[in-house]
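Let's walk through the covalent and charged links in this model together.

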Amino acid sequence: MNRRLAATAIMSLCLAACERQEAPPPAPPQPAPKAATAAATYKPAESPTLAEVRRRGYVRCGVHPSLPGFAFPDVRGVWRGFDVDVCRAVAAAALGDAGKVRFIPITAQDRFSALQKGQIDLLSRNTSWTYARDAGLGLDFAVVTYYDGQGFLAPRTLGIASAEELSGARICVQAGTSSEVNLAEWFRVRGLSYRPIVAASEEESRRLYESEACDVYTADISALAASRSVMSNPGAHVILPNVISKEPLGPVVRQNDPTWTDIVRWTVHATVLAEELGLTSRTVEAARETVTDPQARRLLGLEGELGPLLGLSEDWAYQVIKQVGAYHEIFRRDVGADSGLNLDRGLNALWSAPKPGLMYAPPMR
């Protein structure tokens with residue numbers, strides 16, 4: 001009995017000692033996993049052009065002197081248009097202010113030499129990307145902003161249904177353009193004859209066409225739509241269904257500054273990605289507070305540290321979208337449903353649209 005009582009007492013003492021032991025300290029909280037950043041893997045690049053633009057305080061952008069929908073001064077002298085908005089987007093990316101642009105009107109004949117001579121930082125002037133231009137001029141086509149093709153504008157009264165019916169016709173075409181070369185090749189391949197009426201500018205081509213100095217007018221379809229929109233009776237003219245060439249249009253830069261090329265390229269990609277992600281100039285500010293999609297967060301500079309890789313601020317793409325808009329906003333107001341041209345998206349629709357187009361941007365990562 002005594003041994004049993006002693007054992008019980010020992011067990012009681014052990015239990016009391018265990019109860020008096022302090023509980024082990026809680027494990028320190030683990031920090032939330034941080035998203036991997038590009039800056040940890042890649043080295044930032046430098047751009048002499050960007051440095052000069054920042055020193056100067058504005059981007060010098062070569063544009064068409066007057067092409068409705070793409071580049072034209074309005075009644076107050078304010079530049080408007082699709083190509084103009086590309087310039088403004090680059091200024092927003094590079095300087096944080098879409099208004100810091102000087103627009104320099106340039107003819108088709110002088111556009112490449114102005115860029116080569118350093119008179120402009122960027123050419124945004126309905127210019128087609130071709131092999132010879134890309135390889136032989138010391139210039140780079142940064143990205144396609146508008147997929148176009150060459151066509152024909154004809155009076156409805158002629159009753160022409162196809163360009164195949166144009167044998168022997170007088171055709172207005174602008175000198176020194178790919179349209180002039182395409183026209184000659186298309187007719188030669190088909191064994192058709194024509195009489196070229198060569199003009200120095202789109203304005204002269206339009207004037208000659210309206211004065212009936214030629215039977216039809218050929219140019220990129222977007223340029224034909226622009227010309228038709230300012231004619232006295234736009235409905236009296238029809239764009240024929242034939243598309244005789246591929247004309248990928250986009251901004252051009254000098255080849256000796258690949259980082260500046262990347263800045264221009266990714267500025268356009270940012271507008272396309274914004275449309276794909278459902279962002280607009282009106283919603284992007286609120287989206288910065290609520291967005292959870294990783295790619296959208298990287299696009300808006302909330303994570304990833306991507307901007308400094310091109311010498312840009314973290315919020316460069318946010319500024320582009322906020323100040324200029326997503327691709328669909330730019331297209332709609334300048335050449336689409338809200339403009340005098342009223343062009344369909346067509347090939348310029350997103351790759352993921354119900355009627356897919358060719359607009360596609362690489363991932364933001």
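The link of Cys 61 and Cys 87 is left-handed, with -45° about the S-S bond. This disulfide (a pair of cysteine sulfur atoms within 2.5 Å) has an S to S distance of 1.9 Å. It links distant parts of the chain, as Cys 61 sits in strand β1 (residues 59-63) and Cys 87 in helix α3, 26 residues apart. Helices (H or I, at least four residues) and strands (E, at least two) are DSSP runs, numbered from the N terminus. Cys 61 is buried, at a relative accessible area of 0%, and Cys 87 is buried at 0% as well. Here buried means under 20% relative accessible area, exposed over 50% and partly exposed in between, with a 1.4 Å probe and protein chains only.

Please keep in mind that this is a predicted model, where local features need pLDDT of at least 70, side-chain atom pairs count only at pLDDT 80 or more, and totals for chains, interfaces and linings use all residues. Residues are numbered from 1 along each chain as its sequence is written, and side-chain values use heavy atoms, leaving out hydrogens and water.

How many disulfides does the structure hold? There are two. In the other link, Cys 172 is joined to Cys 214 with 2.0 Å from S to S. The torsion about that S-S bond is about -105°, so this disulfide is left-handed. Cys 172 belongs to strand β9 (residues 169-174), while Cys 214 is in the loop between α7 (202-210) and β11 (216-220), 42 residues apart. Cys 172 is buried at 0% relative accessibility, and Cys 214 is buried at 3%. With the bonded cysteines numbered in sequence order, the pairing reads 1-2, 3-4.

Now for the charged pairs. A salt bridge is a side-chain nitrogen of Lys or Arg within 4 Å of a carboxyl oxygen of Asp or Glu, and the count comes to 17. Among them are these:

| Pair | N to O distance |
|---|---|
| Asp 85 and Arg 88 | 3.8 Å |
| Arg 345 and Glu 275 | 3.1 Å |
| Arg 282 and Glu 329 | 3.6 Å |

Asp 85 and Arg 88 are three residues apart in helix α3 (residues 82-95), so about one helical turn separates them. Asp 85 is buried at 6%, and Arg 88 is buried at 18%.

Arg 282, in the loop between α9 and α10 (284-290), pairs with Glu 329 in helix α13, so the bridge ties together parts that are 47 residues apart in sequence. Arg 282 is exposed at 67%, whereas Glu 329 is buried at 11%.

Finally, salt bridges that share partners join Glu 52, Arg 55, Arg 56, Arg 60 and Asp 121 into one network.
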